Amino acid sequence: MTEAEARKHFPYLQGYWKTFGPFFARPPGGESFADMAERLTAFWKLVCDRHPNQVVWFFCHGGPVRLFRYILEGWSFRDVVNWQYESPENCG
């Protein structure tokens, strides 16, 4: 959905997004970066428990790439939201 379509179908989102911020706000029917970080943290712990001292490959979309860096490299909320690089490619 484009930004124009989102404004048309969800006019309340601008205020909602400003109130909760882009890390914690949930898009309609979706999950926030915070929700995804929680889910990925649990997944990461499970992988570490089941595959200690092994090399494990992950294939995922750009959002989880950012959040794995948040989890593993200690990024701040701002680092995730204000990504300063080209958007990570899927499976990047």
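View 1. Glutamate 73 and arginine 69 both belong to helix α4 (residues 62–73), where they stand four residues apart, about one turn of the helix. In this predicted model, their side chains meet in a salt bridge with an N to O distance of 3.0 Å. Glutamate 73 counts as partly exposed at 48% relative accessibility, and arginine 69 is likewise partly exposed, with a relative accessible area of 29%.

**View 2. The salt bridge between arginine 26 and aspartate 35.** The closest N and O atoms of arginine 26 and aspartate 35 are 2.5 Å apart, and the two residues form a salt bridge. Arginine 26 has 44% relative accessibility and counts as partly exposed, whereas aspartate 35, at 19%, counts as buried, because the buried class covers residues under 20% relative accessible area.

**View 3. Arginine 39 and its partner glutamate 31.** Arginine 39 is part of helix α3 (residues 33–50), and forms a salt bridge with glutamate 31 in which the closest N and O atoms are 2.4 Å apart. Both residues are partly exposed, with a relative accessible area of 48% for arginine 39 and of 32% for glutamate 31. Arginine 39 and tryptophan 17, which are 22 residues apart in sequence, have C-alpha atoms 21 Å apart in space.

**View 4. A nonpolar surface patch of phenylalanines.** Phe20, Phe24 and Phe77 make a nonpolar surface patch of about 300 Å². Phenylalanine 77 lies in helix α5, which spans residues 77–81, and counts as partly exposed at 39% relative accessibility.

**View 5. The whole chain, as context for the close-ups.** The secondary structure consists of five helices and zero strands, following the pattern α-α-α-α-α along the sequence. The C-alpha atoms fill a box of roughly 50 × 25 × 20 Å along the principal axes, and 24% of the 92 residues count as buried. Of the contacts with a separation of 6 or more, 46% are accounted for by residues 24 or more positions apart. The accessible surface comes to about 7100 Å², and 55% of this surface belongs to carbon and sulfur atoms. There are 10 positive and 10 negative side chains, the centres of the two sets lying 5 Å apart, and the count of salt bridges comes to three.

Note on methods: Residues numbered from 1 in each chain as written. Predicted model: local features only at pLDDT ≥ 70, side-chain atom pairs only at ≥ 80, totals over all residues. Heavy atoms only, no water. Helix = DSSP H or I, 4+ residues; strand = E, 2+ residues; numbered from the N terminus. Buried < 20%, exposed > 50% of the residue type's maximum accessible area, 1.4 Å probe, protein only. Contact = heavy atoms within 4.5 Å. Areas by Shrake-Rupley, 256 points an atom, 1.4 Å probe, with all protein chains shown as cover. Lys, Arg positive; Asp, Glu negative; His and termini not counted. Charge placed at Lys NZ, Arg CZ, Asp CG, Glu CD. Patch = residues over 30% accessible without salt bridge, like charges linked within 9 Å, V, L, I, M, F, W, Y side chains within 5 Å. Salt bridge = Lys/Arg side-chain N within 4 Å of Asp/Glu carboxyl O.
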